[in-house]
Amino acid sequence: LKISLLTDAPKHNLALMQISAWHKANGDDVSLNMPLFPADYTYASILYDWNIRQFNADEYGGPAYVSMGRFPAAKTDIVSEFLPTDVRTFGPDYDLFGLGYSLGYSFRPCYNTCDFCSVPMMTHPDNLHHSIHEFHDSRFDKICLLNNNTFQDPQWKETFEEIWDANLSVIDENGYDLRLLDDEKADALHRTKWATPIHFAWDRMSDEALIINGLKLVEKHKMRSTSNGVYVLIGYNTTEEEDLHRCQIINDYGLTPYPMPYEKNRYTRRFKRFINLHYYRKYKTISAAWNDYQRAA
Ligand code: SF4
């Protein structure tokens with residue numbers, strides 16, 4: 001069979017990598033992002049909802065469909081819905097995107113129910129802990145974890161121990177939950193080799209006490225570095241003062257705030273640009289810098 005895989009994912013797409021591995025093992029000819037490829041069967045995995053109408057396929061899946069619900073054929077996890085359950089045992093096809101690192105989940109779910117987040121609505125294939133060796137390819141000395149909330153995994157420590165034993169450096173695009181940090185977890189983060197800076201998040205004002213506790217642990221375990229950052233959700237249900245307050249506290253603990261606009265409007269675009277310029281570093285407080293920045297506009 002000729003199989004066509006389509007996606008708007010810029011770097012990698014684990015579902016398509018697993019589909020590719022399974023089809024190649026069955027002797028099929030697989031192509032990626034070649035819409036004119038004369039395929040017998042086409043899968044589209046779409047990240048961004050504005051791209052949903054851009055793809056023609058036999059099966060659709062991906063995060064974009066979580067909020068849409070318009071495509072009856074769409075599933076959020078095309079691997080578990082359309083292929084035999086043993087497809088995951090193949091491991092991803094790393095050649096599909098030419099990756100130089102392993103990619104996968106040691107734990108998929110996040111049990112929190114933040115109402116601005118699509119993760120709780122996703123169909124997760126399981127709630128189990130997985131060894132990294134289910135997807136790690138020993139050709140690589142880097143691993144990219146896609147976990148939504150590693151510290152909710154009761155066996156989180158095993159993931160770190162496997163990574164240390166295999167002497168891997170880690171890319172983690174989703175970050176770590178500051179609210180769940182304790183000495184043992186902070187020590188594990190400190191002991192790990194990071195290929196890219198680590199991230200945390202501060203989304204809700206009501207989490208302030210837990211976040212500050214986490215920031216203190218970051219400081220205690222010497223992860224205080226401006227190359228590490230904290231995502232700050234803005235344009236959802238916080239005020240300008242609360243946005244400034246969270247950025248100030250994060251900065252006071254030696255980390256970099258990264259505003260993440262939920263709603264893109266004049267204020268959130270401007271605030272994000274202002275923080276990302278690091279203009280505030282010349283000032284005593286971020287509020288003073290913001291006032292000057294506003295006046296200069
Ligand atoms: S903790 Fe993070 S991943 Fe979990 S529901 Fe909230 S925003 Fe989503």
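Modeller: Helices are DSSP runs of H or I with at least four residues, strands are DSSP runs of E with at least two, and both are numbered from the N terminus. This is a predicted model, in which local features need pLDDT of at least 70, side-chain atom pairs count only at pLDDT 80 or more, and totals for chains, interfaces and linings use all residues. Residues are numbered from 1 along each chain as its sequence is written, and side-chain values use heavy atoms, with hydrogens and water left out.

Biologist: With which side chain does the side chain of H129 make a polar contact?

Modeller: H129 sits in the loop between β6 and β7, and it counts as buried because its relative accessible area is 17%, where buried means under 20%, exposed over 50% and partly exposed in between, with a 1.4 Å probe and protein chains only. Contact means heavy atoms within 4.5 Å, and the residues that H129 touches beyond four places in sequence include S106, F107 and E158. A polar contact is a pair of N or O atoms within 3.5 Å; within protein, one must be able to donate a hydrogen and the other to accept it, and residues adjacent in sequence count only if both atoms are side-chain atoms. At 2.6 Å, the side-chain partner of H129 is D153.

Biologist: Which strands stand at the edges of the sheet?

Modeller: Strands of a sheet pair through backbone hydrogen bonds, either parallel or antiparallel, and two strands are taken as paired if DSSP finds at least two bridges between them. Here four strands form an open sheet with parallel pairing, in the order β6-β7-β8-β9. Two of these strands each have a single partner, so one side of each is left without a neighbour in the sheet, and these are β6 (102-104) and β9 (193-194).

Biologist: Which residue in β7 does G104 stand opposite?

Modeller: β6 runs parallel to β7, residues 142-145, and three bridges join the two strands. In β7, the residue facing G104 is L145.

Biologist: Which residues have the most contacts inside the largest nonpolar core?

Modeller: A nonpolar core is a set of buried Ala, Val, Leu, Ile, Met, Phe, Trp, Tyr and Cys residues joined through side-chain atoms within 4.5 Å. The largest one has 61 residues, and its largest share, five residues, comes from helix α6, residues 208-220.

Biologist: What are the elements against which the buried residues of α4 pack?

Modeller: Helix α4 spans residues 156-165, and its buried residues are W156, T159, F160, E162, I163 and W164. After the helix comes N167, whose phi is positive, near 55°. The buried residues of α4 pack against β7, β8 (169-172), α5 (183-191) and β9.

Biologist: How many residues of the shell around the ligand are nonpolar, polar and charged?

Modeller: The ligand is surrounded by C110, N112, C114, F116, C117, P120 and R179, where a residue is near a molecule or strand if one of its heavy atoms lies within 4 Å of it. Ala, Val, Leu, Ile, Met, Phe, Trp, Tyr, Cys and Pro count as nonpolar, Asp, Glu, Lys and Arg as charged, and the others, Gly among them, as polar. On that basis the shell divides into five nonpolar, one polar and one charged.
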